[in-house]
Amino acid sequence: MIKWQKKSRVIVSMFYFIVKKQKKNRKFTFIDLFAGIGGMRLAFDEAGGECVYSNEWNKFSQQTYMANFGDMPDGDITQVNAADIPDH
């Protein structure tokens, strides 16, 4: 892992830890489809949202998302049963 990647992972992890502690005061819930590494999740979390489901097909993006948020996104969206996606 490159030095800047370690620093950015620490920054994202610290941000998520702070947001996670504030989870009780969530204004809305959302799902993170085609999530990539979670950039939109950061924005929605900061705006007061709570992610109830995430999906990303790329295995490297899934690994990064897991490292950043502690949640492993589901894989190929075409293989996901719509009933398995939580209300949001």
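Modeller: Aspartate 32 stands opposite serine 54 of strand 2. This is a predicted model, where local features need pLDDT of at least 70, side-chain atom pairs count only at pLDDT 80 or more, and totals for chains, interfaces and linings use all residues. Residues are numbered from 1 along each chain as its sequence is written, and side-chain values use heavy atoms, without hydrogens and water.

Biologist: Why are strand 1 and strand 2 said to pair?

Modeller: Pairing requires that DSSP finds at least two bridges between two strands. Strand 1 (residues 28-32) and strand 2 (residues 49-54) have five bridges, in the parallel sense, so they pair.

Biologist: What makes the contact of aspartate 71 with arginine 41 a salt bridge?

Modeller: The term asks for a side-chain nitrogen of Lys or Arg within 4 Å of a carboxyl oxygen of Asp or Glu. Here N to O is 3.0 Å, so the pair qualifies. Aspartate 71 lies in the segment after helix 3 (59-69) and arginine 41 in helix 2, 30 residues apart.

Biologist: Why is arginine 41 called buried, and what is aspartate 71 called?

Modeller: Buried means under 20% relative accessible area, exposed over 50%, and partly exposed in between (1.4 Å probe, protein chains only). Arginine 41 has 2%, so it is buried; aspartate 71, with 30%, is therefore partly exposed.

Biologist: Which residues do salt bridges with shared partners join into one network?

Modeller: Arg41, Asp45 and Asp71. Aspartate 45 bridges to arginine 41 with the closest N and O atoms 3.6 Å apart.

Note on methods:
Helix = DSSP H or I, 4+ residues; strand = E, 2+ residues; numbered from the N terminus.
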